[in-house]
Amino acid sequence: MDPSLDTWDFSSPLISLWINRFYIYLGFAFGISLWICFQIVIRKQDKNSKDKSVPKATRDLMTNGYISLQKKDILVSGVKIFYGSQTGTAKGFAASLAEAVTSLGLPVAVINLQEYDPDDHLVEEVTSKNVCAFVVATYTDGRPTESAEWFCKWLEEASSDFRFGKTYLKGMRYAVFGLGNSAYANHFNKVGKNVDKWLWMLGAHRVVARGEGDCDVVKSKHGSIEADFRVWKTKFISRLQALRKGERKPCGGNCKKGQCESSAEEEPFESTSEEESGTEDQQNLNSVVDVEDLGKIMNCVKKEKREKEHQEEKSTLVRNAVKGEASERRAMITPALREALTKQGYQLIGSHSGVKLCRWTKSMLRGRGGCYKHTFYGIESHRCMETTPSLACANKCVFCWRHHTNPVGTEWRWKMDQPEMILKEAIENHQSMIKQFKGVPGVREDRFEEGMMVKHCALSLVGEPIMYPEINRFLKLLHECKISSFLVTNAQFPVEIRNLKPVTQLYVSVDASTKDSLKKIDRPLFKDFWQRFLNSLKALAAKQQRTVYRLTLVKAWNVDELQAYAELVTLGNPDFIEVKGVTYCGESSASSLTMANVPWHEEVVHFVRELVALIPNYEIACEHEHSNCLLIAHTRFKIDGEWWTWIDYNRFQELVQEYEDSGGLANFSAKDYVAKTPLWALFGASERGFDPKDTRYQRKNKSKDISGC
């Protein structure tokens, strides 16, 4: 036996450790590994808590434990505001928006679309970091304004051209505000909707929901188009501030972790501000989420529940508001409209009426002659009050001498004032304007005293008087005050014409003789405008009192439709036909008319001669050269070879009183209150329609003896 073995004692602890040393090493390694893992977890948690406490802007600047001094990225370099305007409203809104953007310290450019070439410059906005705002109006028949016509045409063609593609404008940021009138239901804000759609189809990104301004104060969401714009402008400025800070919409949950691109995505172009809100939250609820995000999801659920409760409360308030709508209707005259009409010399009455002093009233106060109604019908112009109980109209005629500052509509939906108040204030305002001429050089004292006593009322100031629901009561009040009534309608309300009580003289504007030309000239709101027009003429034919067609000749527009005019005369069988050359009221963005469209007096005479040759039983009766106007009268007013186109106003008041006293049974005809027309008023007379009492006429004819005229 080997004696060396006796020196080892296997029962010794050291020997055991040596033999099991591999297990010991393994235990140490496992412990160290656990400690390392624990440290990693602790550091990660500390880092996450620090990230939450550090602002995002600071985190973006952190790189490998130190703060970088690199230059901060510019997220919005400026704003470009494009406008397409016809009457100047869109241009004004663009200027207002530019002022608001400037207050943020951002560069801003206001660009007329007429002066902008999208083919060369629009694609530059993809990389420019600008935000582009489009303020565009909708014009006749849903077409763009003249200034925006080329831009819209280019945009429409590009959106459907495969060569441009759906990413042509990807990277461009834009917003759209449209201007329109909901009275034109078929194409309300059509241009704004189209521009929004076409930009979206080309890949551009909408930064804020499309705004829609409504000229119809009744249907406008905020009471006026100006208020609509202010609300949208506030949203746009708020969104612009968010973009400058780099804020993005919350992730929709439909992306891979760390690769969210929600800020580059958007809803379809038809979306509204209401549709945009809450979309992301709904997506979050429908997505697969991590367990650690359950707390956030539950908060979203609670938030959504609160929003639903709030929405229900809001709906209840809306329903209550609708119930009280009849008693809380909006006023027709908005503050902006009041300001515009006041500048034009209107004296506004209540919420929808107005009165204004006619220039012929001023002229006759000074003994300088009266208007064509004085020549044709014997009106005393200095005693005539020009007013209207309704500033609203159902047409937007190209020759409107108010430049479309008045509201439009197809039915009465505004707050209504009582006729007693309207008449009282109309007379008071008229007298107040007459008083301003006291002591003015040239004003005759006798005419001034007579002018304070209103004898005639021309319901032709502006708008459509027959729209006023209490028009019959208003007429009755006029007649009770011994004031004659001359009412003008645009032939779009046949039922109201049939229901109208007797007036001294009822006018219907016949601005064109064919459907196409009427649509082009009058630009009516009604879809069935032509049938309404024809029905109005038929209703006129049934009237017993004096009726008049009023033709306004617009050179190169409606002077070549003689046969069609003759057919319309047969339809309505009017007592008289006034033919007048259009009056040029100065340059207006609302109309393309120029002085070239105003016919010479000789041209009007030529037209009238040709028209009379086509309509039997009518002849030329009177002429007022200064107004470029002639009167065609039915031969039943030519008695024993003499014209009786003037009116016996006292006799009319007697007849209308008998009519009222009999409850409408004692009707009367136009020939019951006629008066003989003076020789100087007749067509072909040397005076050419000038009253011999006119001081200007006397100065021109000092050497002539006109005492017998």
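At what angle do the axes of helix α4 and helix α8 cross? Let's work that out together, keeping in mind that this is a predicted model. Helix α4 covers residues 89-102 and helix α8 covers residues 225-245; their axes come within 11 Å and cross at roughly 30°. The crossing of α4 and α8 is right-handed.

You can find the residues that make up this meeting point in your viewer. On the α4 side they are Phe-93, Ser-96, Leu-97, Ala-100 and Val-101. Facing them from α8 are Ile-225, Glu-226, Phe-229, Trp-232, Lys-233, Phe-236, Ile-237 and Leu-240.

Of its 709 residues, 48% count as buried. Among the contacts with a separation of 6 or more, 75% are between residues 24 or more positions apart.

Is Asp-216 buried or exposed? Its relative accessibility is 2%, and because buried means under 20%, Asp-216 counts as buried. Leaving out residues up to four places away in sequence, Asp-216 touches Asn-181, Ser-182, Ala-183 and Arg-413. Gly-409 is 193 residues from Asp-216 in sequence, yet their C-alpha atoms are 7.4 Å apart in space.

With 11% relative accessibility, His-634 counts as buried. Beyond its neighbours within four places in sequence, the contacts of His-634 are Asn-573, Pro-574, Asp-575, Asn-617, Tyr-618 and Trp-643.

Next, the aromatic rings. How many aromatic pairs does the structure hold? There are 27. One of them joins Phe-652 and Phe-668, whose ring centres are 6.0 Å apart and whose planes stand at 70°, so this pair is edge-to-face. Phe-652 belongs to helix α23 (residues 649-661), while Phe-668 is in the loop between α23 and β22 (674-675), 16 residues away. Both Phe-652 and Phe-668 are buried.

Phe-652 also pairs with Tyr-673. Here the ring centres are 5.2 Å apart and the planes are at 55°, so the pair of Phe-652 and Tyr-673 is tilted. Since Phe-652 lies in helix α23 and Tyr-673 in the loop between α23 and β22, the pair ties together parts 21 residues apart in sequence. Like Phe-652, Tyr-673 is buried.

Elsewhere, ring pairs build up a cluster. Its members are Tyr-372, Phe-376, Tyr-377, Phe-486, Phe-576, Phe-637 and Tyr-649.

The charged end of Lys-356 sits over the ring of Tyr-346, at 5.3 Å from the ring centre. Arg-532 lies over the face of Phe-526, and here the distance to the ring centre is 3.7 Å.

Terms used: Residues are numbered from 1 along each chain as its sequence is written. This is a predicted model: local features need pLDDT of at least 70, side-chain atom pairs count only at pLDDT 80 or more; totals for chains, interfaces and linings use all residues. Side-chain values use heavy atoms; hydrogens and water are left out. Buried means under 20% relative accessible area, exposed over 50%, partly exposed in between (1.4 Å probe, protein chains only). Contact means heavy atoms within 4.5 Å. Axes are lines fitted to C-alpha atoms, for helices over the stretch in contact, and angles run from 0 to 180 degrees between N-to-C directions. Helices (H or I, at least four residues) and strands (E, at least two) are DSSP runs, numbered from the N terminus. A crossing is left-handed if the near helix is turned anticlockwise from the far one by less than a right angle, and right-handed if clockwise. Rings of Phe, Tyr and Trp (its six-membered ring) pair if their centres lie within 6.5 Å; planes under 30 degrees apart count as stacked, over 60 as edge-to-face and the rest as tilted. A charge sits over a ring if NZ of Lys or CZ of Arg is within 6 Å of the ring centre and within 35 degrees of the ring normal.
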